[in-house]
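Q: I'm new to this one, and I'd like to learn how to read its features. Can you walk me through them?

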Amino acid sequence: MTDRVYPSSKPNGTTTTTTKTTAARGGATATATTTPNSRLPPPPRKTQIPNRHPDRPNPTTTNRRNRRRSRRGCFCLCCFWSILILILLLLIAAVAGCILYLLYHPHRPTFSIAALKISEFNLTTAADDTTHLTSALNLTISTRNPNKKIQFHYDPIAITCLSHETLIANGSFPDPLVSGPNNVSVIRSSLYANSMLLDTETVNQLRFHINNKKKPGLPLKILLDTSAQVKIESMKTKKVGIRIQCEGIHSLIPKNGGGKRRNSSSSSVVAVSAIVTDAKCKMDLRSKLRIWSLWYAKNNEFGP
């Protein structure tokens with residue numbers, strides 16, 4: 001009969017298994033002891049920080065979290081104050097604008113075409129089939145300041161005359177202009193084009209409108225580009241670029257191109273007056289025009 005002795009439930013470094021065998025006849029007893037395999041790796045040990053309670057959080061992790069929270073708090077605080085300051089500035093500007101409007105009642109200046117005369121308009125074709133344009137125009141523009149306490153200061157004005165986006169003549173008003181309160185100012189300028197080369201399509205379009213039986217003549221458009229400054233009593237604003245665009249002008253062409261009469265000893269010039277009764281002028285800021293041109297160029301960069 002064989003009896004086995006099981007190891008104790010308490011863990012020990014060495015587990016011993018004893019086998020007791022008793023002979024049936026002689027009563028001899030044999031005991032066998034087995035030891036565990038020493039090649040097995042020892043169990044992993046948990047490293048513990050000395051003098052630290054197991055339930056307390058890691059101080060390193062807590063410091064990192066606190067730093068992140070403090071950075072987020074500073075960022076949010078900066079954004080809050082920046083937005084608040086911006087809102088306050090906008091409110092101050094709005095209040096100042098309302099006060100100025102109530103005190104001075106500002107109005108935009110108005111522009112109108114007083115007269116436009118074409119004294120020369122020649123389309124000459126050379127031997128190499130190239131066409132050149134020579135033109136001369138006299139322009140008179142009036143501007144009115146309807147304000148009582150506001151002055152407008154204009155820099156020298158660049159003037160351009162177009163017909164269906166084709167340059168007919170250009171010129172300038174070289175002197176600075178001051179438009180006083182409740183005042184009407186007159187701008188007179190001469191526009192020229194001297195042997196300006198034109199392409200075939202433009203020449204055909206001009207000749208079609210000139211020889212049109214229903215409504216002969218050319219539709220014209222005048223552009224004025226300058227910088228303006230507003231003066232309210234002793235306060236002056238920054239100069240702003242403006243463009244005045246006048247449309248609704250129609251004019252006939254002088255007979256035989258106009259200019260000086262070749263068969264006459266007189267040096268008088270026969271000029272044709274344009275119809276300006278339906279002309280209307282509007283003023284735009286050049287900044288808006290630049291934004292619009294950049295947007296149009298960007299959207300049409302790669303074609304339709």
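Q: Which residues have the most contacts inside the largest nonpolar core?
A: A nonpolar core is a set of buried Ala, Val, Leu, Ile, Met, Phe, Trp, Tyr and Cys residues joined through side-chain atoms within 4.5 Å, where buried means under 20% relative accessible area, with a 1.4 Å probe and protein chains only. Here the largest one has 41 residues, and I113, L116, L137, L139, I141, I222 and I249 have the most contacts inside it. Strand β11 (residues 218-232) gives the most to this core: six residues. Strands are DSSP runs of E, at least two residues, and helices are runs of H or I, at least four, both numbered from the N terminus.

Q: What does I249 touch?
A: Contact means heavy atoms within 4.5 Å. Leaving out residues up to four places away in sequence, I249 touches I113, L116, L218, P219, L220, I222, A274, I275, V276 and A279.

Q: Where is confidence lowest, and where is it highest?
A: Where pLDDT is low, the predicted coordinates should not be read in detail. Strand β2 (residues 17-22) has the lowest mean, 47, and strand β7 (residues 157-163) the highest, 95. Over residues 291-304 pLDDT stays under 50, and the model has zero contacts there beyond four places in sequence.

Q: How many aromatic pairs are there?
A: A pair of aromatic rings is described by the distance of the centres and the angle of the planes. Rings of Phe, Tyr and Trp (its six-membered ring) pair if their centres lie within 6.5 Å; planes under 30 degrees apart count as stacked, over 60 as edge-to-face and the rest as tilted. A search of the whole structure turns up three pairs. In one of them, F111 and Y154 have ring centres 6.0 Å apart and planes at 75°, so they are edge-to-face. That pair links distant parts of the chain, strand β4 (residues 110-125) and strand β6 (residues 150-154), with F111 and Y154 43 residues apart. F111 and Y154 are both buried.

Terms used: Residues numbered from 1 in each chain as written. Predicted model: local features only at pLDDT ≥ 70, side-chain atom pairs only at ≥ 80, totals over all residues. Heavy atoms only, no water. Buried < 20%, exposed > 50% of the residue type's maximum accessible area, 1.4 Å probe, protein only. pLDDT = per-residue confidence, 0-100.
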